[in-house]
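Dear colleague,

I am passing on the structure below, followed by some notes on what was found in it. Please read them alongside the coordinates.

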Amino acid sequence: MQTDYSMAEIMPIVAELSAKYTRRQSSSIPFELARQLTEAVLYCIRENDSVADNSAVQDRRSQAQPSPPQQTEHAIPAALMAYRSGRQRVLDKVIRSQALYEELLANFRSFGNIAYRDTVEQGLLAFFQYYDVEFAPQDTIITMDYPVLGNLQNLQGIDAIYEYLNSLRLEQAFLKPFPEDYVRDTLIQHHRDCDVLLLNPCSLVLRNVLGCMIAGRSVASGRFTEEEYRMVELFLVPFSVSLPDCCSLPGHDLHSLTLKLERLLLPLMQTYYPDEPLLFDYLKLDLPDFAAELITSARYGNLSRFF
Amino acid sequence: MEYTFEMMIKEQRRQSLQRILSCNEKTAPYGLTLSEAEASALLVCREQSLAQNQRIEFGESILPQLIEAFCDSPYINCWEYSDVLARLQDIFYLYKNESLDQLSDDELLDFMSCEFNGVCCGDLDYLESTCLERFARAIRSGYEIRAHRDQRDEYTMGRSGSDAEYRAFDEETRWEFDLFRMKLDELD
């Protein structure tokens, strides 16, 4: 983790945190613990520095005194202020995450998928039980097995969980209007062992819905007819000029198809989900993969895995 | 003036040295004192020992407490005082790790000083390789020391009872008063 603060500014904070951890009953700590506490301090400082308005941070740095022994009582080092402010932000984020989690649990549907159910009902619960805001805020603790559409690999701790919860909430919001039977049929159509696989129901339903829009049929359970498959293949023709002989998918074809799918998705969001302004940006994260898989499936006559 | 990390470390070393030298006031009545060179050498040993045991000290070193705990030992003389302190320091950091940090500084120092002056009779090898090894093994297995269990008895009131603590792990047969009395009677 990079930071604008020097070791001379960070170490006294780590020292104080170490004293708190050991309840001042131990003069030394293992390297591993020191590393953990240093990461905890840097995590909170980064949390503070990541706010949109960094000018306040810069002002504090210019006004803050360095921390030699002769420092006056009232000047608080900038790093310490950043750490305290960041820790408060972490605490606030935990509270917001808990509220989000309770909202998610209230109407949660897992559609029979075990990983989905266990991650939300047990995994996330365990996170809130064991998350250590003070001494290890950077630990994510759980593995977040259920795959959401976004990439959270660069996030840690409560940041990762908060974004994960937001993703889960958006998915549940998208799936809310669909009957349980339709979603179950879509999952089973994808794979008969859908209950035990790590798959994303939101993605599969989205793809099925877009397919129905392309084929000009209403959204309902049941496989496409031959005519409807033909409609989808015709839709894909302008984006698969290089097929079937070349082995790789040209980038511009994929990009064009992705944009086309986005243009299909947007009015759907505006019509049926006017209260979820973030849902479009979230769902379109799946479209590049969907575009690639559509072209490949059309090439090998395997569109039935989607529709 | 920019306050660098190196200046901070230098200042910390200076303060540690002064603190160790100030302990001479307490240890002088026992005939034990440290010169400035010896104190500096001990601080160097401290850094080496911390690095070897993969530990870090942010504040004051353990040396002043170590000196206070062992200054009244009948087994330490002025010629080997600094060497014994260096060795005790190594043993201390080693067994902080071996006990998985489940013992506070005071608890470990108390145990070390009691056993060094008691069953070890001033033998550092016995303290390190036998006494503390057994104790640390017990701690790792879940043994809870008396201080943690809040146990007191009339013989250890006012002390932590560490001398009674080791009896639970002592594997050697030792002379006890009743046995000694019996043998004495036999001689008569």
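In this predicted model, chain B and chain A bury about 1,600 Å² between them, and carbon and sulfur atoms give 65% of that area. On the side of chain B that touches chain A, at least two residues each come from helix H1 (5–22), helix H3 (36–52), strand E1 (55–57) and helix H5 (81–98) of chain B. The residues on that side of chain B comprise ten nonpolar, three polar and seven charged. Counted by contacts, 20 residues of chain B meet 19 residues of chain A.

Turning to the aromatic residues, a search of the whole structure finds 14 aromatic pairs over all chains. One of them is formed by Tyr116(A) and Tyr146(A), whose ring centres are 4.0 Å apart and whose planes lie at 10°, so the pair counts as stacked. Because Tyr116(A) belongs to helix H5 (residues 114–130) of chain A and Tyr146(A) to the loop between H5 and helix H6 (157–175) of chain A, this pair ties together parts that are 30 residues apart in sequence.

Notes:
Residues are numbered from 1 along each chain as its sequence is written. Chains are lettered from A and ligands numbered from 1 in the order in which they are written. This is a predicted model: local features need pLDDT of at least 70, side-chain atom pairs count only at pLDDT 80 or more; totals for chains, interfaces and linings use all residues. Side-chain values use heavy atoms; hydrogens and water are left out. Contact means heavy atoms within 4.5 Å. Buried area is the accessible area (1.4 Å probe) that two parts lose on being put together, summed over both. Helices (H or I, at least four residues) and strands (E, at least two) are DSSP runs, numbered from the N terminus. Ala, Val, Leu, Ile, Met, Phe, Trp, Tyr, Cys and Pro count as nonpolar, Asp, Glu, Lys and Arg as charged, and the others, Gly among them, as polar. Rings of Phe, Tyr and Trp (its six-membered ring) pair if their centres lie within 6.5 Å; planes under 30 degrees apart count as stacked, over 60 as edge-to-face and the rest as tilted.
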